Amino acid sequence: MTTTVTEQAAARKDSPGAADGPRRRPGRIRRIGLPYLLLLPALILELLVHLVPMVIGIVMSFKELTQFYIRDWGTAPWAGLDNYAMSVDFNAPVGEALLHSFLVTVAFTLLSVGLCWLIGTAAAISMQDTFRGRGLLRALFLVPYALPVYAAVITWVFMFQHDNGLVNHVLHDQLHLTDKPSFWLIGDNSFYALLTVSVWKGWPFAFLIVMAGLQNIPRELYEAAALDGAGVWQQIRRITLPSLSAVNQVLVLVLFLWTFNDFNTPYVLFGKAAPEAADLVSVHIYQASFVTWNFGAGSAMSVLLLLFLLLVTGVYLAVTSRGRRPADA
């Protein structure tokens with residue numbers, strides 16, 4: 001009896017299935033850990049490119065970091081919350097200028113995002129029906145988005161020139177809509193010039209996203225609505241816009257974050273010193289940091305901007321997700 005049991009145990013030990021049992025766990029661990037291993041280089045790069053500078057900027061915001069300590073910023077005196085208090089003191093010159101820049105940025109962002117969404121959505125809806133030349137028009141609509149930002153904005157700089165710019169030539173010389181050529185890159189008109197360039201550069205992205213979202217709407221819905229007597233505007237209101245709600249929620253948030261943080265467009269359009277009417281927060285922080293050489297105050301303004309964007313994003317996501325919950329239920 002004992003010999004039989006021993007032989008059966010030895011047979012099970014020598015069987016291929018018994019040999020594979022202990023080897024399955026390392027193989028399974030390798031399969032589970034492989035995706036994380038493949039993501040590791042991207043995570044390390046993200047850490048080096050974004051998170052590390054962000055942490056350094058937060059530390060700098062608590063220091064009196066000026067041009068005297070730029071060679072060794074770690075030796076700068078500790079300022080505590082003085083930089084933040086100076087930035088939010090709206091009765092002082094620094095806080096008052098920051099508040100003005102913030103209000104200009106809010107107005108600019110709301111107008112730019114609204115116009116980008118409106119033009120992009122209208123263009124995407126108009127491109128849904130099949131007609132000759134539709135592919136060419138779609139490609140042309142994406143040209144402003146595909147162009148490098150510096151090349152596109154520099155072209156607008158030449159067009160906005162006072163004496164020989166195309167804008168004044170069309171508005172004043174040909175259409176006679178103005179009494180005299182306007183200054184577009186200085187004064188109050190700089191806000192409208194910046195808004196024009198931002199909308200021209202941003203609406204193709206809205207067009208691309210909305211056009212992709214329209215592909216998921218069944219054509220049978222429009223055919224049924226047409227048979228019921230619904231017109232074009234009723235179809236857009238009752239079918240298109242509700243079906244694009246999820247796409248528009250993401251699109252508006254992305255456009256808001258991009259526009260509010262936009263630095264390249266105003267910097268290339270106006271240079272280091274933006275006009276007061278087009279003094280966006282991004283350029284204002286740059287001037288506070290690299291023109292006045294007060295990196296501590298500039299870092300504090302950047303942290304305040306980050307906190308504001310996080311707050312707006314959190315409130316926006318909470319409101320939009322609450323609005324979707326009854327529909328999903």
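## A buried asparagine

Asn168 is buried (under 20% relative accessible area, with exposed meaning over 50% and partly exposed in between, for a 1.4 Å probe and protein chains only), because its relative accessible area is 4%. The residue lies in helix α8, residues 166-174; helices here are DSSP runs of H or I with at least four residues, strands are runs of E with at least two, and both are numbered from the N terminus.

The side chains of Asn168 and Trp184 are joined by a polar contact of 2.9 Å. A polar contact is a pair of N or O atoms within 3.5 Å; within protein, one must be able to donate a hydrogen and the other to accept it, and residues adjacent in sequence count only if both atoms are side-chain atoms. Not counting residues up to four places away in sequence, Asn168 touches Gln161, His162, Asp173, Pro181, Ser182 and Trp184, where contact means heavy atoms within 4.5 Å.

## Model and confidence

This is a predicted model, in which local features need pLDDT of at least 70, side-chain atom pairs count only at pLDDT 80 or more, and totals for chains, interfaces and linings use all residues. Residues are numbered from 1 along each chain as its sequence is written, and side-chain values use heavy atoms, with hydrogens and water left out.

The average pLDDT (the predictor's confidence in each residue, from 0 to 100) is 85 for the protein, and 89% of the residues score at least 70. Over residues 17-22 pLDDT stays under 50, and the model has two contacts beyond four places in sequence for them. Where pLDDT is low, the predicted coordinates should not be read in detail.

## Overall build

The protein has 15 helices and zero strands. Of its 329 residues, 33% are buried. Among contacts between residues at least 6 apart in sequence, 65% join residues at least 24 apart.

## Nonpolar cores

A nonpolar core is a set of buried Ala, Val, Leu, Ile, Met, Phe, Trp, Tyr and Cys residues joined through side-chain atoms within 4.5 Å. The largest one has 41 residues, and those with the most contacts inside it are Phe160, Leu194, Phe207, Leu255, Leu269 and Phe270. At least two residues of this core come from each of α4 (93-126), α7 (149-159), α9 (189-214), α10 (219-227), α12 (245-260) and α13 (264-270). Helix α9 gives the most, with 13 residues.

Leaving out residues up to four places away in sequence, Leu269 touches Val153, Val157, Leu185, Ala193, Leu194 and Val197. A second, separate core has nine residues, including Leu98, Phe260, Val281 and Ile285.

## Other positions

Asn189 lies in helix α9 and counts as partly exposed, at 25% relative accessibility. Beyond its neighbours within four places in sequence, Asn189 is in contact with Ser182, Phe183 and Trp184. Asn189 and Ala278 are 89 residues apart in sequence, while their C-alpha atoms are 8.8 Å apart in space.

Ser299 is placed in helix α15, residues 295-328, and is buried, with a relative accessible area of 11%. Residues up to four places away in sequence aside, Ser299 touches Gly57, Met60, Ser61 and Ser289. Leu47 belongs to helix α2, residues 16-60, and counts as partly exposed at 42% relative accessibility. With residues up to four places away in sequence not counted, Leu47 touches Val52 and Pro53.
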